[in-house]
Amino acid sequence: MPKKQFRVEEPTISRWLLTITPFAAALFALVFALFLIQTAHKEDQTITSTLEQDLLWQKQALKNRLDNLQHQLDGLADIIVSDGLSSAEFSGRYLSILQDSPEVMSLEYIDETNQVRWQHPLNRPDLLPPQNHRNLVAARSVVLVNNAPQFSTVLQGQNQTPLLAFVTPVRLNFHGRHTLVAILNLNTLLQQQVPWWIAQRYQISLTEHGETIASKFNRNLDPTGLSQAIGFDLPPNQFQLQATVYQQQRSWQQYLLTLTVIALSMLMLASTWALRRHIKERHNIEAQLRQETAMREAMENSLVTGIRAMDKDGHLIYINRAFCEMVGYSAEDLMGQSQTMPYWPPEDLDRCTAVYRAILSGRAEPSGYQMRFMRANGERFDVRLYAAKLIDGDGQHTGWISSIYDITELQRERNALQASHERFVNVLNGLEAAVSVSDAASCEMLLTNRQFDRAFNIPDWHGRYCALPYMPRRKGAPVETEWFDAYRGHWYQIKSRSSVWVDGSEVWLEIATDITALKNAQERERQQNEQLQQTTRLISMGEMASSLAHELNQPLAAIASYATGCRNVLSQAEPNIAQLDQAIEKMAGQAKRAGKIISGIREFVQRRAPHRKPCEVADLVDTVRTLLAAEVAKQQVKLSIGEVSDLPIVYADAVMLEQVMFNLMKNAIEAMHDTPIANRTLDLNINANNGFLSVIIADRGTGINPEQMEQLFKPFYTTKNTGMGMGLNICRSIIEHHQGRLWVEANPGGGSRFIFTLPLPQESLACEP
């Protein structure tokens, strides 16, 4: 049957709808955004225009106020010139000016000697010191405003109040130069002259050279960045009158309307985008459906499995290409056939008829039927047939459909596999090791050999069962470890690895070998090594007796000396308590030192099982150096120890490592017995790299020849006249017990170098094994 090809093209109208709709929605959102921007810009222009007009009005109002004050001062000066004034009249004039101008804080009348003749108020703080009087009068002769002998200047009063001084000359020709000085509070001036409708809109300020001199503003409102400034000159000061717009509070209805329109625009864009995606997905699904229909038809014709469909009466209504090729008949020869089929062999006619009737009656076996068919050329072949109801698109039962597999080769392979499995089981049962295969998910035992059943007393009549794993499992490289069966008292060596079972599921293959006899032999060897180690410790203790006597004599002699000193102090009429306390403290320190030496030797010779714990390398070195101090001094050896303060900790038995270092260093000292004193150098270098701690002990002795190096670590081999030959063997056993290595090599400068390495623990393994 030929394979149909489908080509799916989107209609032109659909493509236009997919393009125009989102474009229109995006264009609407863009136009609305431009409208909002333009509206905000026009609002800013309106605010700016209004700001300029209000600022000009405010400037004129302040100018009028100051001009009015200047006229009043000029009138007062004219009255003084023409009629003269008494102090009371001067105060009355001040009160009259203050009534019209509350910003005037004081009024002074200064004579030709720069002395204040009259002033009001009398009890005010001194706003204008005498030196300022002189400056103002002196400035009058050089500062001219519109050819008039008057000027103004800004002063700083108490509490940093901005003050403006108005100076008006009084022309008394026969009395010299007199002056009227009016002091104004600029803050009060702005408070009085800035109306409420301007104060609610703007912050009004007087600035000079960018610095604010005085201002009026509502502190509850934060000013925005929109401001305007114009010149407001009061010579000799160059003022700027500045207005800054307050941020206007908009009504919640306006915000709500704007947010609503924005939300609707976004909703429209989202819905348009969702509609576009939905239409596009629907077109894609329709195209996929056409392609899948064509693909299914092609797949049916490409299957190697035969497919056969019958109606309820048993007539063939569909046959695929694979079934036709399987039986050697064309579809035209088989379509419509019922009852006896031409591919049924005569010798199996009864079997085929029985299966045919069972299918039509709805009693088909779910596991299928194994049958034998006949090709058109008479060749017989084995098949596996599965039958099921044929249901149409409306859910109606219209017939029966069968799938037929040619299992001729499969049957041949199955027989060969069965024979291979029997041979495999025979080999597996002949092994001395216990072999098991368990499911990784359920721990159900899938396969065990006879040795496994015998070792763990599994009865012959057992059914399906689960078994606990020997140890925690992990994927990756095969795991090899040891496991103790506490019930039967046996040790097993376990080899475990992850594998795949015949059905593709993950399984664990484990092989358990009984190593009880080997473990018993190792335990006996360990006990013998411990006895040898104890013997070595006792021998070493005897060799260190003289060193201990020398080391203990020093703290004991010091204690005796300090005790004599204490008695001498106590025998005085007035004992020096501080000196006595210092001596007692030193006695305690020497006693602790002696105790530390004794406890170290006691732990060194004490027979006990290895106990690992965090060890500081510097502490180990200090202990060994203390034990060897007397021997080093006696043999006149120069001991050189590298930097050990920054080395990482190791997890080990501290006493055993001290014993190894002590034995190796003591052997090195003894090896330099015939070396000249000037060359007797013992170097101890410890470093950490690549996850290992490396300890190097180098001497300048006679060295070790290659033949001796091969025998050096064997039990009972020694190069000493009085040695037992067990020291180096025990040292190597201790290092290997800590998963390290110990070896010897020639020292390039003469002598030998004993080197041992210990693995540094990882973070996750930082615990006692």
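Q: Which residues in helix 18 are buried?
A: Leu728, Asn729, Ile730, Cys731, Ile734 and Ile735 are buried in helix 18. Buried means under 20% relative accessible area, exposed means over 50%, and partly exposed is in between (1.4 Å probe, protein chains only). The model is predicted, so local features need pLDDT of at least 70 and side-chain atom pairs count only at pLDDT 80 or more, while totals for chains, interfaces and linings use all residues. Residues are numbered from 1 along each chain as its sequence is written, and side-chain values use heavy atoms, with hydrogens and water left out.

Q: How is the packing of helix 16 and helix 18 described?
A: Two packed helices are described by the angle between their axes and the distance between the axes. For helix 16 (residues 654-671) and helix 18 (residues 727-737), the angle is about 145° and the axes are 10 Å apart. The axes are lines fitted to C-alpha atoms over the stretch in contact, and angles run from 0 to 180 degrees between N-to-C directions.

Q: What makes the contact between helix 16 and helix 18?
A: Helix 16 contributes Met656, Leu657, Gln659, Val660, Asn663, Leu664 and Asn667, and helix 18 contributes Leu728, Ile730, Cys731, Ile734 and Ile735. Contact means heavy atoms within 4.5 Å.

Q: Why is the pair of arginine 473 and glutamate 510 called a salt bridge?
A: The definition asks for a side-chain nitrogen of Lys or Arg within 4 Å of a carboxyl oxygen of Asp or Glu. Arginine 473 and glutamate 510 meet at 3.1 Å, N to O, so the pair qualifies.

Q: What does the pair of arginine 473 and glutamate 510 tie together?
A: Arginine 473 lies in the loop between helix 11 (450-455) and strand 17, and glutamate 510 in strand 19 (residues 506-514), so parts 37 residues apart in sequence are tied together. Helices (H or I, at least four residues) and strands (E, at least two) are DSSP runs, numbered from the N terminus.

Q: How far apart are lysine 666 and glutamate 670 in helix 16?
A: They are four residues apart, so about one helical turn separates them. An α-helix has 3.6 residues a turn, so residues three or four places apart point the same way. The closest N and O atoms of lysine 666 and glutamate 670 are 2.6 Å apart, and the two form a salt bridge. Lysine 666 is buried at 9% relative accessible area, whereas glutamate 670 is partly exposed at 31%.

Q: What separates arginine 625 and aspartate 622?
A: About one helical turn, because they are three residues apart in helix 15 (residues 617-635). Arginine 625 and aspartate 622 form a salt bridge, with the closest N and O atoms 2.5 Å apart.

Q: What does the side chain of aspartate 485 reach?
A: It reaches the backbone nitrogen of tyrosine 487 at 3.2 Å. Aspartate 485 also touches Phe456, His490 and Tyr492, not counting residues up to four places away in sequence.

Conventions:
A polar contact is a pair of N or O atoms within 3.5 Å; within protein, one must be able to donate a hydrogen and the other to accept it, and residues adjacent in sequence count only if both atoms are side-chain atoms.
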